[in-house]
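Subject: Structure handover

Hello,

Here is the structure I promised to pass on. Please open it next to this message and follow along.

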Amino acid sequence: MLKFTGYEKGINLGGWFSQCCHTTEHYDTFITEADFERLSGWEIDHVRIPIDYDLLENADGTPTDYGMQYIQTAVDWCGKYHLNMVLDLHKTAGYSFDVGEAESGFFFDTALQERFYQLWERLAKAFGQYEDRVAFELLNEVTDRSYCNTWNSVADICIQRIRKFAPNTKILVGGYWNNSVLAVPDLLMPYDENIVYNFHCYEPLIFTHQGAGWVENMPSDFRTEFPKPTAFYQKLSDDLKLYHANLLYLSSPTARGADFFRQMFAKAVRIAEERNVPLYCGEYGVISLADPESTIEWHKAIHEAFEDYGIGRAVWSYKEMDFGLVDADRADSFAAVSVLL
């Protein structure tokens, strides 16, 4: 399988320009140059930076200039500290994976789709010149499977419009069910040789999101450990009727540890090999509520599968966002952050 060279080991800077309070005070203080300098010593090759359209547009769709400058600053810091960047559009007008953001209509409204295309044209004009170290991720975590055909069409049109200004930039495309690895076979054949298939992995969800208040049917005091056999997590997931529990069926009932992930990724890897396209995991991680020993074991297991298949990845997330690797409640337990990367 092709490797996503330069994007083999990275970290998300979630909460900076996305899922945040959209104020200049927040942008100026949440992540600074000192963080990029720190990250440059972590033996990673890239950062993934989620952005919301709010950074770049007013509510009526008119563009703002200050948001582009913030992205330019991030690009410059990446250059200074020898890091590549995935620029991820986490939310567009009319669509967010997070229902709490009350965005709707994107998959049914051609005007909102046109706004999406024009936003990416602006980004391509500004940052296509950095094709050697900046990649574009079209949209974060399409949810419903019913959006599949529409999303494939929208993504294809968007890529064509980006290519007018950024002919060689790597473009990441993910599928439904929140970038599920199950959706990879339903992605379109790659538009050109610079397309990357993207998925996210938070499986078993009942472990990585234990106690998460935003997960439907998840008790706030629920806790479990890793590794256990697939059947163990499946029963817990079925009992709680957890969203995405179906992904567990991709691994055999007795699979555990790295084998759990090897089996889960196998079909997507085969598709990527057949289509000669790199495969990339743009998000994976464990909530800070999990016990440290299990968290480290989970990361070791998924990393072994990534390495076996040659899958590039970016862990979620650098700080805060309920998954922060450098948060105070994790500092003592995670003496070596590199273990989790």
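Which residues line the largest cavity? Before the answer, one caution: this is a predicted model.

**The cavity**

The lining of the largest cavity consists of Val 142, Tyr 147, Cys 148, Trp 151, Asn 152, Gly 175, Tyr 176, Ala 183, Asp 186 and Leu 187. The space inside is about 40 Å³. The count of cavities of 30 Å³ or more comes to one. Sorted by class, the lining has seven nonpolar, two polar and one charged residues. Helix 5 (residues 148-163) gives the most to this lining, with three residues.

Helix 5 has 16 residues. From its first C-alpha to its last it reaches 22 Å, close to the 22 Å expected at 1.5 Å a residue. Its buried residues include Cys 148, Trp 151 and Asn 152, and these three also line the largest cavity. Further along helix 5, Val 154, Ala 155, Cys 158, Ile 159, Arg 161, Ile 162 and Arg 163 are buried too. What do the buried residues of helix 5 pack against? The partners are helix 4 (110-127), strand 5 (134-137), strand 6 (171-174), helix 6 (176-179) and strand 7 (195-201).

Helix 4 has 18 residues, which should span 26 Å at 1.5 Å a residue. Its end C-alpha atoms are 25 Å apart, which agrees. Among its buried residues are Leu 112, Phe 116, Trp 120 and Phe 127. Gln 113, Arg 115 and Glu 121 of helix 4 are buried as well. The cover over the buried residues of helix 4 includes strand 2 (46-52), helix 3 (66-80), strand 3, strand 5 and helix 5.

Strand 3 (residues 84-92) holds Asn 84. Asn 84 has a relative accessible area of 16%, so it is buried. Leaving out residues up to four places away in sequence, Asn 84 touches Gly 6, Tyr 7, Asp 45, His 46, Val 47, Cys 78, Asp 132 and Arg 133.

Now the largest pocket. About 1,100 Å³ of space lies in it. Its lining has 41 residues, and the closest to the pocket centre are Phe 97, Asp 98, Glu 141, Asn 178 and Trp 214. By class, the lining of the pocket divides into 18 nonpolar, 14 polar and nine charged residues. Strand 4 (95-96) and helix 6 each supply at least two residues of this lining. Helix 6 has the largest share, three residues.

**Aromatic rings**

How many aromatic pairs does a search of the whole structure find? The search finds 33. In one of them, the rings of Phe 260 and Phe 261 have centres 5.0 Å apart and planes at 85°, so the pair is edge-to-face. Phe 260 and Phe 261 are both buried. Phe 261 also pairs with Phe 265, at 6.0 Å centre to centre and 35° between the planes, and that pair is tilted. Both Phe 261 and Phe 265 sit in helix 9 (residues 258-275), four residues apart, about one turn of the helix. Why does Phe 265 count as buried? Its relative accessibility is 0%, and buried means under 20%. Ring pairs also build a cluster whose members include Phe 199, Phe 226, Tyr 233, Phe 260, Phe 261, Phe 265 and Trp 298.

**Backbone details to check**

Phe 226 and Pro 227 are joined by a cis peptide bond, with omega about 5°. Pro 227 is in the loop between helix 7 (205-208) and helix 8 (230-240). Is Pro 227 buried or partly exposed? Pro 227 is partly exposed, with a relative accessible area of 26%. Beyond its neighbours within four places in sequence, Pro 227 is in contact with Tyr 233, Arg 256, Gly 257 and Glu 297.

Ser 317 lies in the loop between strand 9 (312-315) and helix 11 (328-331). Met 321 is found in the loop between strand 9 and helix 11, and its phi is positive, near 60°. Asp 322 has a positive phi too, near 70°. Asp 322 is partly exposed, with a relative accessible area of 43%.

Best wishes

Notes
Residues are numbered from 1 along each chain as its sequence is written. This is a predicted model: local features need pLDDT of at least 70, side-chain atom pairs count only at pLDDT 80 or more; totals for chains, interfaces and linings use all residues. Side-chain values use heavy atoms; hydrogens and water are left out. Buried means under 20% relative accessible area, exposed over 50%, partly exposed in between (1.4 Å probe, protein chains only). Contact means heavy atoms within 4.5 Å. On a 1 Å grid over the protein atoms alone, a cavity is a set of points where a 1.4 Å probe fits but cannot get out, and a pocket is an open set with protein on both sides within 12 Å along at least five of seven lines; lining residues have an atom within 4 Å of a point. Grid points are joined across faces, edges and corners, and a volume is the space filled by probe spheres set on the points. Ala, Val, Leu, Ile, Met, Phe, Trp, Tyr, Cys and Pro count as nonpolar, Asp, Glu, Lys and Arg as charged, and the others, Gly among them, as polar. The expected span of a helix is 1.5 Å times one less than its number of residues. Rings of Phe, Tyr and Trp (its six-membered ring) pair if their centres lie within 6.5 Å; planes under 30 degrees apart count as stacked, over 60 as edge-to-face and the rest as tilted.
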